[in-house]
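Here is a friendly briefing on how one protein chain is held together. Take a moment to look over the sequence and the model before reading on.

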Amino acid sequence: MSVIPLSKPDIGDAEIEAVTDTLRSGRLSIGPRQARFEELVADRTGRRHGIAVSSGTAGLHLSLLALGIGPGDEVITTPFSFIASANCILFVGAKPVFVDIDPRSLNMDPALVEAAITDKTKAILAVEVFGNAAHMEKLAQIAQAHEIPLIEDACEGLGGSHNGRPVGSHGRAAVFGFYPNKQITTGEGGMIVTDDGRLAEFCRSTRNQGRATMSGTGSSAYGNVSGSWLAHERLGYNYRLSEIAASLGCAQMERLDQLLDARRRIANAYMQRLCDVEDLILPTIDEPNHMSWFVFVVRLNDHYGHTERDRIIEGMHRHEVGASNYFPCIHLQPFYRETFGHNKGDYPVAESVSQRTIALPFFGQMDDTTQELVVQTLKVMIQREQLLQR
Ligand SMILES: *Cc1c(COP(=O)(O)O)cnc(C)c1O
C-alpha cells in the first residue's frame with residue numbers, strides 16, 4: 001500500500017462501540033440493527049422502504065429480478081461506471097445496451113438514452129457517477145414516458161441531490177453500496193430503497209433464500225405463522241447483511257453529515273490547489289446538482305492519451321502516492337468485448353474521457369500536508385510529460 005492511500009474509511013469510537021455492543025448482544029444476524037439501518041437510509045433518501053443486502057451488486061441484482069427483467073430484455077446503461085452496474089444486467093440474462101455519456105457530468109446523455117429505447121427495453125439503469133446526480137429528473141421523465149422503470153445505481157451518490165431531491169429518490173428502486181471506499185461503509189454491504197411495497201417484499205424474500213417474509217406475500221398457506229421460516233416461495237439467495245455490519249452502518253449514518261462535510265472540504269481544497277495546473281480539467285458540477293464526493297477525479301486535456309496518463313499514475317505510485325484510472329470503459333473489458341463484440345470507437349466520449357482520468361487520494365481525514373504532497377507529485381509528473389512531448 002502507498003504511503004498515501006487512494007481512500008481510507010473513517011471509523012471512529014462510536015463505530016467501534018456499536019460493533020462491540022452487537023458482538024456482546026449475541027444476535028449476529030437478522031435483528032434490530034438491520035431494521036434500524038434500513039430505517040436510517042430510507043429516511044435520509046425520503047423513501048418508504050429500505051432493504052439491507054450484502055453488497056451494492058446484490059442490491060442491483062435483486063432490483064432487476066424484482067422488476068421481472070430477464071432473457072430477451074434490454075436495459076439501457078452507461079459504459080463509464082464500475083463494472084457491477086452492467087454485470088447485474090447479465091445476472092438476470094438480459095442485455096446491457098450502452099449509451100454514451102455527457103462529457104461534463106460524465107453521466108449518460110439523456111438524448112442518447114431516449115434514442116436507444118426499443119420494444120425490448122425494459123428498464124433504464126442510471127449511475128450517479130462519482131457522486132454527481134446530473135440528469136436524474138430527465139431520465140426519470142424519459143422512463144415514465146416509455147412506461148419502463150428507472151433504476152438508480154446510487155452506489156456512489158449517498159447524500160447528494162438533484163433539483164433538491166436526494167440521490168436515491170428518483171428511480172423506482174435505488175441501490176447504495178457500502179464498500180470501504182464509499183461515503184459510508186459497512187465493510188461489505190448495500191441497501192435497496194423504494195416506495196414500492198411489493199418490490200420491497202420481493203427483495204426482502206429473495207435476499208433470504210426466497211423465504212416468506214413476516215408480513216407474508218399472500219400466496220402461501222404458511223403466511224404469517226411462525227412456520228413460515230421454512231416456506232420458500234421463490235428462488236432466493238443469501239444476500240443478507242449481518243447485524244455486525246448493520247450496526248457499523250447505523251453508527252456511520254448517524255455521522256453522515258459530518259462525513260460528507262469533511263469530504264467536501266477536501267474536494268474544495270483540491271479545487272483551489274489544482275485550478276491553475278496547466279493541462280488539467282477539474283470536476284464540473286452544474287446547477288442544480290449537489291455533489292456527494294465519492295472520489296476526486298481529475299482529467300488531462302486531450303493533448304494526452306492513455307500512455308501519458310498511465311505513465312503519470314505509475315510515477316505517482318513510484319512516489320507512494322495512490323492514484324487510479326477510474327473507470328476503464330465497461331464495453332472494452334475483455335469479457336464484454338468477447339461476449340458482445342464491442343470495439344474501440346463504439347462510445348467515443350466515454351472512451352476519450354476514460355483514457356485521461358486520474359483518481360487522486362481522497363478521504364475525509366486527509367490533512368493539508370498530505371494533500372500538498374499529492375498535488376506536488378501530480379504537478380511534477382505532468383511537467384515531466386510536458387518535457388517528453390517537447
Ligand atoms: C461500489 C459500486 C457498486 C457496488 O459495489 P459492491 O462492491 O458490490 O458493494 C455498484 N455500482 C457502482 C457504480 C459502484 O461504484
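Which residue forms a salt bridge with Arg 104? The partner is Asp 286, and the closest N and O atoms of the pair are 2.8 Å apart. A salt bridge here is a side-chain nitrogen of Lys or Arg within 4 Å of a carboxyl oxygen of Asp or Glu.

This is a predicted model, where local features need pLDDT of at least 70, side-chain atom pairs count only at pLDDT 80 or more, and totals for chains, interfaces and linings use all residues. Residues are numbered from 1 along each chain as its sequence is written, and side-chain values use heavy atoms, with hydrogens and water left out.

**Two domains**

- The protein is divided into domain 1 (13-254) and domain 2 (256-389), with bounds that come from an automatic or database domain assignment.
- The centres of the two domains, taken over C-alpha atoms, are 27 Å apart.

**Where the domains meet**

- On the domain 1 side, 41 residues are in contact with 35 residues of domain 2; contact means heavy atoms within 4.5 Å.
- Together the domains bury about 3300 Å², and 62% of that lies on carbon and sulfur atoms. Buried area is the accessible area (1.4 Å probe) that two parts lose on being put together, summed over both.
- The interface of domain 1 and domain 2 holds 2 salt bridges.
- Between the domains, 18 residue pairs are in polar contact, both residues being at pLDDT 80 or more. A polar contact is a pair of N or O atoms within 3.5 Å; within protein, one must be able to donate a hydrogen and the other to accept it, and residues adjacent in sequence count only if both atoms are side-chain atoms.
- At least two residues each come from α4 (84-91), β3 (95-98), β6 (161-162) and α8 (243-254) on the side of domain 1 that touches domain 2. Helices (H or I, at least four residues) and strands (E, at least two) are DSSP runs, numbered from the N terminus.
- The most residues on that side, 4, come from α4.

**Nonpolar cores**

- A nonpolar core is a set of buried Ala, Val, Leu, Ile, Met, Phe, Trp, Tyr and Cys residues joined through side-chain atoms within 4.5 Å. Buried means under 20% relative accessible area, exposed over 50%, and partly exposed in between (1.4 Å probe, protein chains only).
- The largest core has 75 residues, and those touching the most other members are Phe 130, Tyr 270, Leu 274, Phe 296, Leu 360 and Leu 378.
- Domain 1 and domain 2 each give at least three residues to this core.
- Beyond residues up to four places away in sequence, Tyr 270 touches several residues, including Phe 296, Leu 360 and Met 366.
- A second, separate core has 37 residues, among them Ile 117, Ala 154, Ala 174 and Cys 250.

- The whole structure contains 15 salt bridges.
- Arg 204 and Glu 38 form one of them, at 3.3 Å from N to O. Arg 204 lies in helix α7 (residues 197-206) and Glu 38 in helix α2 (residues 32-44), so this pair ties together parts 166 residues apart in sequence. Glu 38 is buried, at 8% relative accessible area.
- Arg 273 and Asp 368 also meet in a salt bridge, at 3.4 Å from N to O. Arg 273 sits in helix α9 (residues 256-274) and Asp 368 in helix α13 (residues 368-389), 95 residues apart. Arg 273 is buried at 19% relative accessibility, whereas Asp 368 is exposed at 54%.
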